[in-house]
Amino acid sequence: MVYPYWITKQTWKTQLTDEDLVNEHGHLVVMDKVLEIGGYAAGYCGKLFAASGADVVRLDRGERPPAWASAKAMDLFLHSHKRTVVSSDLDLLASLAAKADVLICETNTADELDQLGFDRCKTPVKVALTPFGRTGPKANWRASASVLLANGGYTHLIGEPDREPLSLPGHYLEFQTGALAFTAANSARWANQSTQIDLGQLETLMSLSQFTTVRWHCAGELRSRHGSDFWFVVPSQLFACADGWVYLNIVPAFWDPLTVFLEQPELLIDPRFENNDLRMVNRDVLHALIATELAHQSTDELLRKAESCRIPLGVVLSFEQVLADPHLQARQFWQTLPVDNSEPVYTPAYAFLQGNALEPGAKRGVSW
Amino acid sequence: MDGPLNGIKILDLTHVWAGPLAVRFLADLGAEVVKIEAPYGRGSQVFPSQPIGGWLGGEAGEEPWNVNAVFNKLNRNRRSVCLDLKQEQGREILLQLVAVADVIIENFSARAMPAMGLGFEVLKRANPQIIHVCMPGFGASGPYHGRVAFGPIVEPMTGLAKMLGYEEDKPMNTAMALMDPIAATHAASAVVQALRKRQLDGAGGYVELSLYETGVAFNGPWLLDTQLGETPVCQGNAHPQMAPHGVYPCQGEDNWLALACQTEVQWQQLCLLVDGLDNRLTLSRRLQARQSIDETISLWTAPQEKNAACELLQHHGIAAGPVNNAAEMLADEQVQARQFFRAFERFNTPMPGNPIHMPGLDPEQWQPCPDLGADNHSVLEQWLGYADEQVTTLHKQGVVHDKPPT
């Protein structure tokens with residue numbers, strides 16, 4: 001096995017100089033060394049560490065799980081600020097793990113984690129990411145994100161009532177798991193604890209469920225799918241307009257302004273729509289009325305009116321429109337990434353920022 | 001409570017979903033959380049209708065504001081101080097609490113805290129080391145910062161609606177307000193990262209994140225593909241790199257299972273189980289023939305009970321699982337074995353647990369969601385040294401409350 005020069009010689013510094021230890025404010029800085037192994041949950045966790053200033057090394061074992069985007073896009077998004085070593089050598093894994101502060105290890109099953117020697121790794125903070133967790137009768141079940149979304153109650157709620165339920169496209173589950181792994185591992189680092197963390201993706205999903213289980217237990221009602229309609233708040237629905245689609249989410253406090261937005265003040269005294277319960281009963285009539293009103297207006301017009309009436313309205317945007325969105329540009333949301341032999345591309349920067357986006361000194365992420 | 005964040009004091013001014021969920025993760029990790037609630041923060045004394053998740057115990061009872069199931073689900077492991085921030089004295093008390101806290105987190109609109117005279121500069125004067133995390137829907141700056149934001153209206157703005165649905169040109173929303181839990185996990189991340197930064201440089205700070213930006217960030221791979229010349233398209237339950245991949249009908253009404261062949265080995269195993277599948281098909285051929293493959297699999301699944309079919313598929317190493325509703329989720333053997341749902345709230349209501357399992361975190365220590373204002377006395381006495389009579393006076397003056405005003 002031939003390893004890249006830098007990994008055989010010296011990947012991470014073992015002897016730090018004064019310059020390494022002190023930041024511009026004269027405070028002690030010890031950058032985490034993070035070893036990341038696995039798919040897109042580990043990748044997202046490593047991405048958050050890298051954006052926070054950690055030195056992240058990804059051990060690529062040559063297995064690339066199926067993704068919703070091209071390999072190039074996934075790599076640019078997840079791995080841009082990391083170093084990568086390609087190897088499936090378990091001795092190398094153990095050796096790198098022994099030098100790291102944090103080990104993020106994602107596998108397809110609990111047994112696979114054991115086979116990697118996870119428990120023997122001498123890393124202070126170790127995070128095991130598996131589909132179902134490390135214990136329990138399904139710990140070695142195979143899972144895709146779509147299987148976990150089905151198990152975890154999401155799929156049952158997405159889609160039209162008279163058609164098959166829809167799975168959620170994209171990497172919501174993996175990225176959410178990665179974000180929680182980052183919080184857990186970083187908490188342990190903050191407390192200077194050596195620890196081992198077991199994070200199952202199914203439980204991640206269920207911890208993020210909206211109100212489905214309590215509604216079942218407390219009200220005896222099973223939530224079901226209703227297309228784009230949120231159902232319990234009316235109107236909360238997608239409506240076609242002249243050049244696209246908009247979503248209205250009119251929680252009761254916004255009913256009065258909605259009547260202004262629709263330029264139909266008489267709705268305020270219409271007994272069919274007096275409160276949310278009645279609007280639920282007369283949902284179809286109300287939806288038809290709104291659909292007629294919105295059909296001939298453009299998204300720009302509707303946005304302007306929604307802003308002046310202060311009602312919650314969102315426009316369905318394409319990815320091209322998201323990339324061109326003036327709000328995201330004004331807030332310096334995009335980070336430029338170089339791409340071999342072609343134009344640089346924009347990737348979402350860290351989602352949280354330190355300071356106000358428009359003020360000098362503001363920066364994406366919280367790092368030192 | 002034990003946990004890595006033990007010793008951290010958090011003032012929680014959050015409401016609805018994203019903010020309280022973020023704080024729940026931090027509380028589960030051991031932070032000491034005081035929820036600062038407005039007198040009407042849980043609604044009025046009389047509820048016009050049942051809340052969306054029902055009432056703990058099934059009935060509104062004498063204090064309906066304290067038995068809202070969703071509120072209780074999100075607000076465990078906290079103490080409650082009900083403080084009227086519209087009064088100057090209420091704001092003064094909040095600033096006193098800020099002076100001894102580590103973190104204040106809120107998800108008001110961008111203008112709410114400054115309008116109350118509680119912007120970051122004011123908080124910082126009270127405590128130079130305070131970490132202020134704010135979560136306005138579109139952020140505190142930029143052209144949309146004044147817009148009203150809720151998860152369901154932000155979701156289609158991220159591009160997701162174009163990818164979700166049965167066919168192209170008919171976008172769909174999840175109707176699950178997915179942007180809220182995305183913002184929640186990232187707000188929790190932001191708090192911990194800000195604590196680590198403060199540990200190193202001694203400085204607090206203002207940290208901001210928005211529903212919109214956290215949601216857009218999750219679509220990063222598609223946004224990159226768009227620039228690289230690829231065109232991400234809505235494909236229903238199909239997957240661009242897996243076939244078969246879908247949701248298939250099972251015995252009974254609205255019963256389904258999800259199945260995905262991630263590897264060639266899984267495909268070969270599936271061909272052994274399902275008559276009519278051609279095991280010579282490569283992935284690229286399967287992607288082209290996905291419709292007929294799905295039809296063949298549907299014929300096989302349709303007469304089967306979904307859990308039995310999934311057991312059989314899993315026995316052959318194929319990724320498959322039942323499409324569960326809420327009752328089925330709660331009854332799932334894996335969920336039961338790991339005791340993910342915990343019945344520590346009143347009426348033994350099962351609540352989703354903490355997916356982070358680590359030594360020192362013990363759900364047996366969890367405290368149920370407190371009643372509104374239940375800890376007015378204990379918090380003001382322990383954190384600020386108030387005398388019992390002082391808090392009683394504040395109560396009489398209407399600065400602190402223990403139930404919504406009539």
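**Figure 1. The second largest pocket of the predicted model has a volume of about 840 Å³**. Its lining comprises 41 residues, of which A:Gly39, A:Arg64, A:Pro65, A:Pro66 and A:Asn108 lie closest to the centre. Strand S2 (55–60), helix H4 (71–79) and helix H7 (145–151) of chain A each supply at least two lining residues. Helix H7 of chain A gives the most to this lining, with 4 residues. By class, the lining of the second largest pocket contains 14 nonpolar, 17 polar and 10 charged residues.

**Figure 2. The largest cavity holds about 90 Å³ of space**. Rolling a probe the size of a water molecule over the atoms shows where empty space is left. The structure contains 8 cavities of 30 Å³ or more. The largest cavity is lined by 14 residues, and those closest to its centre are A:Pro169, A:Tyr172, B:Leu160, B:Phe218 and B:Asn219. Within chain B, helix H8 (179–201) and helix H9 (211–218) each contribute at least two residues to the lining of the largest cavity. This lining divides into 9 nonpolar and 5 polar residues, with no charged residue.

**Figure 3. A salt bridge between A:Asp198 and B:Arg338 crosses between chains**. The closest N and O atoms of A:Asp198 and B:Arg338 are 3.2 Å apart. A:Asp198 belongs to strand S6 (residues 195–200) of chain A, while B:Arg338 is placed in the loop between helix H16 (333–337) and S10 of chain B. A:Asp198 has a relative accessible area of 12% and is therefore buried. B:Arg338 is buried as well, because its relative accessible area is 7%.

**Figure 4. A:Lys305 and A:Glu263 meet through their side chains in a salt bridge**. The N to O distance of this pair is 3.1 Å. A:Glu263, in contrast, counts as exposed at 57% relative accessibility.

**Figure 5. B:Asp12 and B:Arg78 form a salt bridge within chain B**. The closest N and O atoms of the pair are 2.8 Å apart. B:Asp12 lies in strand S1 (residues 9–12) and B:Arg78 in strand S3 (residues 78–82) of chain B, so the pair ties together parts that are 66 residues apart in sequence. B:Asp12 is buried, with a relative accessible area of 0%. B:Arg78 also counts as buried, at 4% relative accessibility.

**Figure 6. A network of salt bridges links A:Asp32, A:Lys33, A:Asp101, A:Arg189 and B:Arg196**. Side chains of opposite charge can pair when their charged atoms come close. The network includes residues from chain A, among them A:Asp101 and A:Arg189, together with B:Arg196 from chain B. Over all chains, the structure holds 36 salt bridges.

**Figure 7. B:Pro359 is in contact with A:Thr195 and A:Gln196**. These contacts are listed with the neighbours of B:Pro359 within four places in sequence left aside. B:Pro359 occupies the loop between strand S10 (356–357) and helix H17 (376–384) of chain B. B:Pro359 counts as exposed because its relative accessibility is 57%, where exposed requires over 50%. The C-alpha atoms of B:Pro359 and B:Asp2 are 9.6 Å apart in space, although the two residues are 357 residues apart in sequence.

**Figure 8. Chain A contains 16 helices and 13 strands**. Of the 368 residues in chain A, 62% are buried. Among the contacts in chain A with a separation of 6 or more, 60% are between residues 24 or more positions apart. Chain A exposes about 14,300 Å², and carbon and sulfur atoms supply 51% of that area.

Methods. Residues numbered from 1 in each chain as written. Chains lettered and ligands numbered in written order. Predicted model: local features only at pLDDT ≥ 70, side-chain atom pairs only at ≥ 80, totals over all residues. Heavy atoms only, no water. Buried < 20%, exposed > 50% of the residue type's maximum accessible area, 1.4 Å probe, protein only. Contact = heavy atoms within 4.5 Å. Salt bridge = Lys/Arg side-chain N within 4 Å of Asp/Glu carboxyl O. 1 Å grid on protein atoms, 1.4 Å probe; cavity = no way out; pocket = protein on both sides within 12 Å on 5 of 7 lines; lining within 4 Å. Points joined across faces, edges and corners; volume = space filled by probe spheres on them. Nonpolar A, V, L, I, M, F, W, Y, C, P; charged D, E, K, R; others polar. Areas by Shrake-Rupley, 256 points an atom, 1.4 Å probe, with all protein chains shown as cover.
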